[in-house]
Protein chains: 2
Amino acid sequence: MKLEELIQSSGEWLRGEGPEADIVISTRIRLARNLSQFPFLTRADDAARAEIERILHAQIARLTPRKALNYFDVTTLQRLDRQFLVERQLISRELAEGHGPRGVAFSNAENASLMVNEEDHLRIQVLHSGLALEECWKEINQIDDMLEEQVSFAFHQQLGYLTACPTNCGTGIRTSVMLHLPALVQTKEIQKVFQALHKIGLAVRGLYGEGSQAMGDFYQISNQTTLGKSEEALIKNLKDVIPNIIAYERRVRGEMVKENKQQLHDMVSRAYGILKSAQTITSEETMQHLSSLRMGINLGLIEGLRIPTVNELFIFTQPAHLQKLRHGTLDSSERNIARATYLRERLAEQN
Amino acid sequence: MKLEELIQSSGEWLRGEGPEADIVISTRIRLARNLSQFPFLTRADDAARAEIERILHAQIARLTPRKALNYFDVTTLQRLDRQFLVERQLISRELAEGHGPRGVAFSNAENASLMVNEEDHLRIQVLHSGLALEECWKEINQIDDMLEEQVSFAFHQQLGYLTACPTNCGTGIRTSVMLHLPALVQTKEIQKVFQALHKIGLAVRGLYGEGSQAMGDFYQISNQTTLGKSEEALIKNLKDVIPNIIAYERRVRGEMVKENKQQLHDMVSRAYGILKSAQTITSEETMQHLSSLRMGINLGLIEGLRIPTVNELFIFTQPAHLQKLRHGTLDSSERNIARATYLRERLAEQN
């Protein structure tokens, strides 16, 4: 598989058809693992890093045909290609901007992604559309088991899996659910949600993980704790809480429709109108209007446009995607023009 | 002719095809006249007012077939119908909101309009599309001459025509040209224009005459002086000045295109997008976007839409027009919804 082929489509996790897909974009689980015979990366020299990369690359290749993954040596990728993979959620910003031997392997459908020499020797990620905690857990557990047949991961009888950062120690799991919460944001109810989640040990992050800002009303909710509980117990914590947030968002949407349908319809229609007509548009404004549009479709206020299309637009209007589509480097103002052109073309196709 | 028929079309002056029609909407001349045998309206009792109305109604009817005019007794018109005629520029707000016997006669094409018992016994108005000072003067002079064959107007050898307000005394003429000056407004150059016009005795007013605010970047420029010069000399003053303002607006538009075509194109495209998609919209916002759109069409930035359509939208989205179109009374928020619906429907027809 060539990287260029990715631009022809989007990952399975954007298909917008999973359970609760009106509000839950995707579910993601990742596991942090380290080879027992090597030091953590913070203490590994270049030779050790190279050896870790060589071993894990070979072991990942051995998973085929049980698990077919495309391996890319990240050090050979252009900056634009690395950013492109970040936008698709296939690699983290840390891996993109890191140094030394490192790689990524991912499946054709982009559901599974294995990062080599990120913060840990290995980060396994599984991503599915909609609320799919069990599906993700089942798949990632399989990949983890298959690899564990082949390699020895650093594991301590009492502490569990050992990780470069102590906050990941134990299970090494982070389970996160990406939610689209425009009604809670608009009514400022979102702050209450954040406070409640914080109290029960769940973290809230933006679209691109730790340190990233929430854009387009998207929030990732994930477990803070990794130690002292089983993976199943940590997943159950999210499984219990997420339906309440979904219900809360739905209730507020319902109230908005009931109390001021006209104003809501006006807002989402104008968002659609602007996306179909702007000649230049920033990423932030695009995210904001796409967020309104997405809610509008789910509330039946916008016709002739499907959720998967809108989900795709969120990704394809990002800087690296635009530049891949245009086969060239674009500065910020050129990107704003390319983004507006792309939006007009894609949205014109829909009618 | 029934008043209801007017809603099927718009006046000739909106056809947007006259000279300099990209910037000049219309040219208007009005003459103030009073019957010599009656006191001014400020001193006339109800019986005198009724008699003036009776005489002028009869004399206007006698102009047919040389000048066919439809006469309406304004006292029998509903408030909505009077407002409707104001929006079409066929009567003034003063005549609409006045009291006692009064009327209006206008031609089918809505170019000529004669108001009885407004501020003066008679106000004759001729209105044409584009910059048409001579055409207006020729037509209004003819109507004035025809009437003067039939009635005796108050005239003083030294002062000229006598009028209720001394500022109209002499010629009783007001010549005004309605200009669309969005580029001068956006660059704030318009203030310089106002100052220059003031110095040479020309007045600047909004869309609906004296005391009205400029909306949608439309300005009426007219003579202040009526005394001590001939009608031809007063008209010539405007004839000399208007081309300079037109050239100024065109130059600034040219600079805007040259320096920031993308931003200008974005502004006018978004204006079009909002007008095509809003579900509720105020009159002010409509005027602003239609103004951008009108400039965009004239600069070749918007395709598939004609100036006469945009000119019509300015008039048909006004409160009374919307209510006539809907055959009912609408409150402010209902009008905003009706306005948005009308705009979407009309603009959808265009593509």
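Domain bounds in this predicted model come from an automatic or database domain assignment.

**View 1. The two domains of chain A.** The assignment divides chain A into domain 1 (3-248) and domain 2 (256-349). Taken over C-alpha atoms, the centres of domain 1 and domain 2 of chain A are separated by 27 Å. Domain 1 of chain A contributes 30 residues to the contact, and domain 2 of chain A contributes 22 residues. About 2300 Å² is buried between domain 1 and domain 2 of chain A, with 64% of that area given by carbon and sulfur atoms.

**View 2. The open sheet of chain A.** In chain A, 8 strands make up an open sheet with antiparallel pairing, in the order 2-3-4-5-1-8-10-9. At the edges are strand 2 (70-73) and strand 9 (202-205) of chain A, each of which pairs on one side only. On average, and with direction ignored, neighbouring strands of this sheet are turned by 20° against each other.

**View 3. Strands 1 and 5 of chain A, with helix 4.** Strand 1 (residues 24-33) and strand 5 (residues 122-129) of chain A run antiparallel and are joined by 8 bridges. Opposite Thr27(A) stands His128(A), a residue of strand 5 of chain A. Helix 4 (residues 133-150) of chain A lies across strand 1, strand 4 (112-116), strand 5 and strand 8 (173-180) of chain A. The direction of helix 4 of chain A is at about 150° to strand 5 of chain A.

**View 4. Helix 2 of chain A and its packing.** Helix 2 of chain A spans residues 79-87. Its buried residues are Asp81(A), Arg82(A), Phe84(A), Leu85(A), Val86(A) and Glu87(A). These buried residues of helix 2 pack against helix 3 (93-97), strand 3 (103-106), helix 9 (307-316) and helix 10 (319-326) of chain A. Gln89(A), which follows helix 2 of chain A, has a positive phi, near 65°.

View 5. Chain A is superposed on chain B by a rotation of 180° with 0.1 Å of shift along the axis, giving an RMSD of 0.0 Å. This is the relation of a two-fold axis. Gly273(A) is the residue of chain A that comes closest to the rotation axis, with its C-alpha at 2.4 Å. Of the interface residues of chain A, 100% are also interface residues in chain B, so the copies meet through the same surface.

Methods. Residues numbered from 1 in each chain as written. Chains lettered and ligands numbered in written order. Predicted model: local features only at pLDDT ≥ 70, side-chain atom pairs only at ≥ 80, totals over all residues. Heavy atoms only, no water. Buried < 20%, exposed > 50% of the residue type's maximum accessible area, 1.4 Å probe, protein only. Helix = DSSP H or I, 4+ residues; strand = E, 2+ residues; numbered from the N terminus. Contact = heavy atoms within 4.5 Å. Least-squares fit on C-alpha atoms with pLDDT ≥ 70 in both. Pairing = 2+ DSSP bridges. Axes fitted to C-alpha atoms, helices over the stretch in contact; angles between N-to-C directions. Buried area = accessible area lost by both parts, 1.4 Å probe.
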